[in-house]
Amino acid sequence: MTRGNQREKDRERAQARGGKGSKNKDDGLTPEQRRERDAKALQEKTAKKAAQSGSGGDAGGKSGTKK
């Protein structure tokens, strides 16, 4: 096996950088709490977008639809 050492080194590197920059899915919330949080964030986002589109230009919105 010529790649045995390479695999071991790569595993060590992956394990060393495993905690950095990875999303932490376990945030201490139950699935129901997570849904509520996400729904609230989505409502805020849509309200902000509605306020922005109501105030004038269509910045970054859909200009055309695909058929």
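**Stop 1: helix H1**

Select residues 4–16, which form helix H1. This is a predicted model. How far apart are the end C-alpha atoms of H1? They are 19 Å apart. At 1.5 Å a residue, the 13 residues should span 18 Å, so the two values agree.

Now show the surface around H1. How many of its 13 residues are buried? The number is zero, so H1 lies largely in the open.

**Stop 2: Glu8 and Arg11**

A salt bridge joins the two. Colour Glu8 by accessibility next. Its relative accessibility is 41%, so Glu8 counts as partly exposed; burial would require a value under 20%.

**Stop 3: Asp10 and Arg13**

Move to Asp10 and Arg13, also in helix H1. Again the spacing is three residues, about one turn of the helix.

Which of the two is exposed, and which partly exposed? Arg13 has 51% relative accessibility, so it counts as exposed; the cut-off is over 50%. Asp10, with a relative accessible area of 39%, is partly exposed.

**Stop 4: helix H2 and Arg37**

Jump to residues 31–54, helix H2. Pick out Arg37, which has its place in this helix. Is Arg37 buried or partly exposed? With a relative accessible area of 41%, Arg37 is partly exposed.

Show what lies around Arg37. Leave out residues up to four places away in sequence, and Arg37 touches Asp27 and Leu29.

Arg37 and Asp38 form a salt bridge. The distance between their closest N and O atoms is 3.3 Å. Asp38 is partly exposed, at 39% relative accessible area.

**Stop 5: the whole protein**

Zoom out and show everything. How many salt bridges does the structure hold? It holds three. Switch to a cartoon view for the secondary structure: two helices and zero strands.

What share of the 67 residues is buried? The share is 0%. The protein exposes about 6900 Å². Carbon and sulfur atoms supply 50% of that area.

Methods
Residues are numbered from 1 along each chain as its sequence is written. This is a predicted model: local features need pLDDT of at least 70, side-chain atom pairs count only at pLDDT 80 or more; totals for chains, interfaces and linings use all residues. Side-chain values use heavy atoms; hydrogens and water are left out. Helices (H or I, at least four residues) and strands (E, at least two) are DSSP runs, numbered from the N terminus. The expected span of a helix is 1.5 Å times one less than its number of residues. Buried means under 20% relative accessible area, exposed over 50%, partly exposed in between (1.4 Å probe, protein chains only). Accessible areas come from the Shrake-Rupley method with a 1.4 Å probe; for residues, only the protein chains shown count as cover. Contact means heavy atoms within 4.5 Å. A salt bridge is a side-chain nitrogen of Lys or Arg within 4 Å of a carboxyl oxygen of Asp or Glu.
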